[in-house]
Amino acid sequence: MRGPTLCLLAALGLAGPAWAEPPHVEDAAADDDVAEIEELIASMRARLQALGQATDQRDQSLEFLTKQVEQAIGDIAVQQDEKAGLMQQNADLNWRVESLVESRGALKEELLETSSQHESSVADLEAELADLSQLLSLETEAKAALLGAKDDLVVQLETARKEQASLAQARREQQREIAQLNQQVAALRSELNTVSGALATSKERIAKKERDLAALQDRLDLALASRVEKLSPYRTEFFSRLSGAVGAHPDMRVEGERFVFQSEVLFESGSAEIGEAGKRQLVELARSLHIISRDIPSEIDWVLRVDGHTDRRPIANADFPSNWELSTARAIAVVRFLIRQGVPPYRLAAAGFGEFQPLDAGDDEIAYRRNRRIEFKLSRK
């Protein structure tokens with residue numbers, strides 16, 4: 001039983017220098033067992049020494065790997081903003097993680113086989129690896145966000161390029177339009193110069209025509225004045241004969257170049273029917289006009305104008321809605337009566353002025369009576 005017991009003690013690391021001296025035995029088999037045990041102890045010591053060296057090497061490897069993990073974490077933090085190197089670093093980190101995971105498994109198995117003292121180190125390493133995995137996950141999310149941002153930037157860039165192309169096209173079209181407008185402006189300027197020249201020539205012709213027209217008007221005024229002057233003696237004679245025919249009547253008078261009948265001589269108030277007394281006066285007027293017209297030379301184109309006037313008081317009835325209608329109707333009634341007396345129609349003219357040309361601006365019955373009148377004026381056409 002001693003041989004197996006010594007082997008078990010040696011395996012547990014409990015064998016020491018006290019076992020270097022085998023117990024005294026009398027038989028040769030015991031010597032052989034002692035020698036075997038000593039060899040086994042020496043072998044176990046060698047293995048233990050080798051295992052200690054391996055453990056030291058593993059500790060150094062763990063420290064080196066820890067530094068590499070820290071270096072990798074620093075590299076990840078630094079290279080987050082670098083888009084071009086992100087993919088390659090991610091691949092390197094994945095490879096390192098896989099290597100570390102493999103190393104972790106191998107080291108875990110070796111540490112479990114050798115000693116439980118290294119379990120805490122393994123736990124720390126696992127925690128660090130978990131942190132690294134979390135960092136890698138965050139890095140992956142950041143990479144996805146960057147890729148999404150890249151896609152958005154690509155879309156925006158494409159949109160910007162399209163807009164730039166549209167702007168360039170619009171600018172080219174605008175330049176073409178400007179060129180066309182410049183051509184049109186040049187053509188218009190040329191046409192304007194031509195029109196200006198023609199206008200200057202036309203202005204000269206118009207100025208000459210205006211001078212000729214002014215001279216012609218002067219001659220015409222002289223001729224008209226001469227003819228009016230020629231008609232003046234006949235007008236005077238006509239009014240003189242008419243005054244002699246009607247007698248000294250207070251409601252019939254000569255005012256300048258006009259012979260005035262007060263309306264009461266010819267019409268009732270508000271009426272356009274000529275009364276009997278008024279007809280007798282108009283018969284004398286027609287007789288005087290016949291006598292004087294025989295002496296008027298044929299080259300004098302004369303006309304007897306009959307003007308109707310009312311006072312300012314308004315009238316409104318079924319026959320005459322206003323003073324315009326009443327004054328015009330009275331003038332026309334006188335013209336029609338003179339035509340029946342043989343006066344040629346082309347020698348007569350009728351006009352109604354209503355209340356708008358008063359002789360008296362007063363507001364009493366005297367002023368009203370003066371303003372209600374029929375005027376006769378012998379003049380040229």
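I noted the ground rules. This is a predicted model, where local features need pLDDT of at least 70, side-chain atom pairs count only at pLDDT 80 or more, and totals for chains, interfaces and linings use all residues. Residues are numbered from 1 along each chain as its sequence is written, and side-chain values use heavy atoms, without hydrogens and water.

**Helix pair**

I checked the axes of helix 6 (residues 276-293) and helix 7. They come within 10 Å and cross at roughly 60°. I then listed the contact (heavy atoms within 4.5 Å). Helix 6 brings Lys279, Leu282, Val283, Leu285 and Ala286. Helix 7 brings Val334, Phe337 and Leu338. By class, I find seven nonpolar, no polar and one charged residues in this contact.

**Largest pocket**

I turned to pockets (open sets of points on a 1 Å grid for a 1.4 Å probe, with protein on both sides within 12 Å along at least five of seven lines; lining residues have an atom within 4 Å of a point). The largest has a volume of about 270 Å³. Of its 15 lining residues, Ser269, Gly270, Asp311, Arg313 and Arg372 are the closest to its centre. Helix 5 (263-266) and helix 7 (323-340) each supply at least two lining residues. Helix 7 gives the most, three. The classes are four nonpolar, five polar and six charged.

**Second largest pocket**

I read a volume of about 190 Å³ here. Helix 7 again gives the most to the lining, with six residues. The lining includes Lys279, Ala329, Ile332 and Phe337. I find six nonpolar, no polar and four charged residues in it. Lys279 and Phe337 also sit in the helix contact.

Methods. Grid points are joined across faces, edges and corners, and a volume is the space filled by probe spheres set on the points. Helices (H or I, at least four residues) and strands (E, at least two) are DSSP runs, numbered from the N terminus. Ala, Val, Leu, Ile, Met, Phe, Trp, Tyr, Cys and Pro count as nonpolar, Asp, Glu, Lys and Arg as charged, and the others, Gly among them, as polar. Axes are lines fitted to C-alpha atoms, for helices over the stretch in contact, and angles run from 0 to 180 degrees between N-to-C directions.
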